[in-house]
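Subject: The two-chain model, with notes

Hello,

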Amino acid sequence: MKKLIITSLSLGMLFGCASSGNSKLTSIGSMGNIEIVQGSMRSIRNANGLITAQAVLHNNGSSTVSAFYRCKFFDTNQMQVGDDQVWMPVSIYQNSDQGIKCMANTAEATDFKFEFSADAKNVNNF
Amino acid sequence: MKKTLIKLSLLGSLALVGCATPKVSYVDPNAVTTLNTNFSQQDLDRVAQNMATNLIQSGKMNQCKSYTLSTIKNSTDQYIDTSSTTSSVSDQLSQSSAITATDVGIVGSLSQNQDQELNNQQSGKYDDSTTVKQGKMIAADCRLDGVLRSDSQTNGKQTQVTYSFSMQLIKIQQGVIIWRKTDKIAKGLN
């Protein structure tokens, strides 16, 4: 029974929507060697009244990671504002930082969430 | 014996290939497509999203009272329906609450439809008090132009195709460029 629980938990961690420990980021699959630089995830409201969300990713591995990200924006009632965005490619070189950012297109957006996939297979139809 | 074996192999192949029914399913149109190095619908959406976001963020669009979008020029060696790129940029701009300029982007086939309707209403078939008048359309203050280019590099089995998408916002009266951006997408095959 104990073995079954441990196996289930391990599989869940490997294949499920892994939590990065940050409520503003959902990882589709494992984050692998990528981590969010602490304190880098934030949003600002620009002169147009639109919020821009940004984060810095760090690759701890020894090879370049071709990852994908996109953002979701929410209003004050935590309802999603706008349609789902298309996935943006980002290359994160070994032992390097790479910034990512998104902008809401309506002033109704007050909150954001990043979706991240360290592997193209997780966000590919084929 | 040999003939029997050949017949059995053929039957087996038919059973494996012939009876397989292709399965159709709905897929996410926003998902990543890495089937080939061609400029895909997702690439189109990606550049349109980047361009519109950058333009909205620059605030330059609000220097225009109204704007029109020219059909984006395709300077690649592929067939690409660039009118969908134009529509995608236009959609993103018109959905933004930060854009105050009015989209008067009636170009291409839409312009033909508009001309046809205007001429139709002036044909004498309709009650004059209900018809629209010629010369009342709002002219664009600014124009958004775009061009898509590609560059291909091959080395044996390795190929890299880089697509450059450039857009510029022009004040029509003065003929000056008030915003300009180039976005690149590179796709590799190895």
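Predicted model: local features only at pLDDT ≥ 70, side-chain atom pairs only at ≥ 80, totals over all residues.

Which elements each supply at least two residues of the lining of the second largest pocket? They are β5 of chain A together with α2 and α3 of chain B.

For the complex, the predictor gives an ipTM of 0.74 and a pTM of 0.78. Chain A has an average pLDDT of 85, with 83% of the residues scoring at least 70. One stretch to treat with care is residues 8–19 of chain A, where pLDDT stays under 50; the model has 11 contacts beyond four places in sequence for that stretch. Chain B has a mean pLDDT of 86, and 87% of its residues reach 70 or more. Within chain B, confidence is lowest in helix α1 (residues 2–17), at a mean of 64, and highest in β5(B), at 95.

**The pockets**

Back to the second largest pocket, which has a volume of about 480 Å³. It is lined by 23 residues, and those nearest its centre are A:D83, A:D84, B:Q49, B:Q92 and B:Q95. The element that gives the most to this lining is α2(B), with five residues. Sorted by class, the lining of the second largest pocket has eight nonpolar, 10 polar and five charged residues.

The largest pocket has a volume of about 1,300 Å³. It is lined by 42 residues, of which A:M88, A:P89, A:V90, B:R46 and B:I185 are the closest to its centre. Several elements each supply at least two residues of this lining: β5 (65–74), β7 (88–92) and β8 (97–103) from chain A, and α2 and β6 (176–189) from chain B. The lining of the largest pocket divides into 15 nonpolar, 20 polar and seven charged residues.

**Chain B and its helix α3**

Chain B has four helices and six strands, and along the sequence they follow the pattern α-α-β-β-α-β-α-β-β-β. Of its 190 residues, 36% count as buried. Among contacts in chain B between residues at least 6 apart in sequence, 66% join residues at least 24 apart.

Helix α3 of chain B covers residues 82–95, which makes 14 residues. From its first C-alpha to its last it reaches 20 Å, close to the 20 Å expected at 1.5 Å a residue. Its buried residues are B:T82, B:T85, B:T86, B:S88, B:V89, B:S90, B:Q92 and B:L93. As a reminder, an α-helix has 3.6 residues a turn, so residues three or four places apart point the same way. What covers the buried residues of α3(B) includes α2 (41–58), β1 (66–69), β2 (73–75), β3 (102–103), β4 (142–155) and β5 (158–171) of chain B.

Not counting residues up to four places away in sequence, B:S90 touches B:Y67, B:L69 and B:D103.

B:A101 lies in the loop between α3 and β3 of chain B, and it counts as buried because its relative accessibility is 10%. Leaving aside neighbours within four places in sequence, B:A101 is in contact with B:M61, B:N62, B:C64, B:K65, B:S66 and B:Y67. The C-alpha atoms of B:A101 and B:Y67 are separated by 6.7 Å, although the two residues are 34 apart along the chain.

Over in chain A, A:N33 is placed in the loop between β1 (25–27) and β2 (34–36). With 45% relative accessibility, A:N33 counts as partly exposed. Beyond its neighbours within four places in sequence, A:N33 is in contact with A:H58, A:N59, A:N60 and A:G61. The C-alpha atoms of A:N33 and A:G61 are separated by 5.2 Å, and these residues are 28 apart along the chain.

Happy to go through any of this with you.

Best wishes

Notes
Residues numbered from 1 in each chain as written. Chains lettered and ligands numbered in written order. Heavy atoms only, no water. Expected span 1.5 Å × (residues − 1). Buried < 20%, exposed > 50% of the residue type's maximum accessible area, 1.4 Å probe, protein only. Contact = heavy atoms within 4.5 Å. 1 Å grid on protein atoms, 1.4 Å probe; cavity = no way out; pocket = protein on both sides within 12 Å on 5 of 7 lines; lining within 4 Å. Points joined across faces, edges and corners; volume = space filled by probe spheres on them. Nonpolar A, V, L, I, M, F, W, Y, C, P; charged D, E, K, R; others polar. pLDDT = per-residue confidence, 0-100.
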